[in-house]
Amino acid sequence: MALLKSCVRSGRNVFAVILRREFHKTAPALVQVTVRDALTQAMDEELERDERVFLLGEEVAQYDGAYKVSRGLWKKYGDKRIIDTPITEMGFAGIAVGSAMAGLRPICEFMTFNFSMQAIDQIINSAAKTSYMSAGLQSVPIVFRGPNGHSAGVAAQHSQCFAAWYGHCPGLKVLSPWSAEDAKGLLKAAIRDDNPVVFLENELLYGVAFEVSEEAQSKDFVVPIGKAKVERQGTRITLVSHSRYVGHCLDAAAVLAKEGIECEVINLRSIRPLDMETIESSVAKTNHLVTVEGGWPQFGVGAEICARIMEGPAFNYLDAPVIRVTGVDIPMPYAKILEDNSVPQIKDIIFSVKKSLNI
């Protein structure tokens with residue numbers, strides 16, 4: 001009423017005043033950043049912060065990276081910090097591991113993690129085991145990063161998920177980001193870590209934009225390694241996933257919510273160490289669990305979660321068996337229709353949720 005009287009006396013438009021006041025109360029719009037740009041920002045900030053950090057790999061320098069993740073870094077930091085290598089994963093991974101042992105902090109990019117098989121001796125026997133074999137005297141601060149899992153139409157030799165492979169190995173930390181905040185915060189944490197870190201990106205996420213908080217835009221922003229994130233609160237069933245399939249779980253949860261089924265969605269972010277505490281707390285609340293991943297079913301990430309649930313206190317809260325949604329147990333086909341049927345789809349997650357709930 002006071003506002004109305006004031007406007008009448010002054011001749012101002014009351015509606016304009018109200019709208020202006022409400023506008024100024026509105027929270028500022030969040031910045032949207034693609035996963036590709038988030039990774040570039042993380043490397044740029046860490047290269048600037050610490051002169052021991054450098055990037056090497058195939059086409060990372062003058063070509064700006066096969067997926068343009070290192071765009072602009074060579075022009076800014078030059079040949080000594082951004083290094084193009086020959087096509088020899090065993091060779092440049094060995095150079096990177098040796099430089100880490102000598103006190104540098106390399107970021108070793110694989111054009112795809114399928115090609116990391118060429119360098120697995122360096123990753124496991126040289127990087128992962130050295131700290132243990134030296135009684136902790138020799139650290140190996142290195143990040144192995146690049147696209148992991150299937151892309152689109154690249155067939156069997158470019159479409160494998162290595163989360164379970166590397167998650168199996170003591171001495172490594174294994175990270176698998178989903179959002180732009182995950183990508184930036186986890187990569188910065190990985191570069192600063194004194195242990196070898198396998199950083200599994202997803203090619204199909206590179207161009208996807210996510211809203212990024214003001215906190216995540218800071219150069220001091222890091223995501224703690226080994227801590228999962230609850231992306232959606234729910235009370236009926238828990239969905240646990242990593243990388244691209246977190247988005248699939250959120251889409252499935254949105255569909256199921258219209259039917260009154262509230263799903264809690266957990267983004268693992270870290271494969272090793274695995275945040276079982278967050279998963280167990282959720283299962284204690286929802287009494288049902290579905291795991292979702294793009295990798296193969298046998299000895300997979302979901303299989304490990306199932307085993308730990310069975311062995312731990314959360315088993316007593318389950319009202320139904322844990323269900324795994326995974327890729328099909330075959331090498332990836334080339335044809336699109338076969339490819340689509342070889343990896344989890346939203347409908348598969350919805351089907352598994354209803355199966356778990358017996359509806």
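**Helix packing, the sheet and some local features**

Contact here is heavy atoms within 4.5 Å, while helices (H or I, at least four residues) and strands (E, at least two) are DSSP runs numbered from the N terminus. The model is a predicted one, in which local features need pLDDT of at least 70 and side-chain atom pairs count only at pLDDT 80 or more, whereas totals for chains, interfaces and linings use all residues. Residues are numbered from 1 along each chain as its sequence is written, and side-chain values use heavy atoms, with hydrogens and water left out.

Back to helix 11 (residues 301–311): its buried residues are Val301, Gly302, Ile305 and Ile309. Looking down the axis, these fall within an arc of 95°, so they line one face of the helix; the arc is taken from the directions from the helix axis to the C-beta atoms. The face turned away from that buried side carries exposed Met310 and Glu311.

Seven strands make up an open sheet with mixed pairing, in the order 3-2-4-5-7-6-12; two strands pair if DSSP finds at least two bridges between them. Strand 3 (82–84) and strand 12 (270–272) sit at the edges, each pairing on one side only. On average, neighbouring strands of this sheet are turned by 20° against each other, direction ignored. Axes are lines fitted to C-alpha atoms, for helices over the stretch in contact, and angles run from 0 to 180 degrees between N-to-C directions. Strand 4 (residues 105–109) pairs with strand 5 (residues 143–147) in the parallel sense, over three bridges, and Cys108 has Phe144 of strand 5 as its bridge partner.

Helix 3 (residues 35–49) lies across strand 2 (53–57), strand 3, strand 4, strand 5 and strand 7 (197–201), and runs at about 130° to strand 2. Thr40 belongs to helix 3 and is buried, at 12% relative accessible area. Setting aside neighbours within four places in sequence, Thr40 contacts Lys68, Val69 and Arg71. Lys68 itself is in the loop between strand 2 and helix 4 (73–77), is partly exposed at 27%, and has a positive phi near 65° despite not being glycine.

Helix 5 (residues 89–101) and helix 6 (residues 120–133) have axes that come within 9 Å and cross at roughly 10°. Helix 5 contributes Met90, Ala93, Gly94, Val97 and Met101 to the contact, and helix 6 contributes Asp121, Gln122, Ser126, Ala127 and Thr130.

Trp165, in helix 7 (residues 163–167), is partly exposed with a relative accessible area of 40%. Not counting residues up to four places away in sequence, Trp165 touches Met117, Ile120 and Gln160. A cis peptide bond, with omega about 0°, joins Arg272 and Pro273, and Pro273 is in the loop between strand 12 and helix 10. Asn358 has a positive phi near 60°; this residue lies in the segment after helix 13 (346–357) and counts as exposed at 70% relative accessibility.

Definitions and conventions
Buried < 20%, exposed > 50% of the residue type's maximum accessible area, 1.4 Å probe, protein only.
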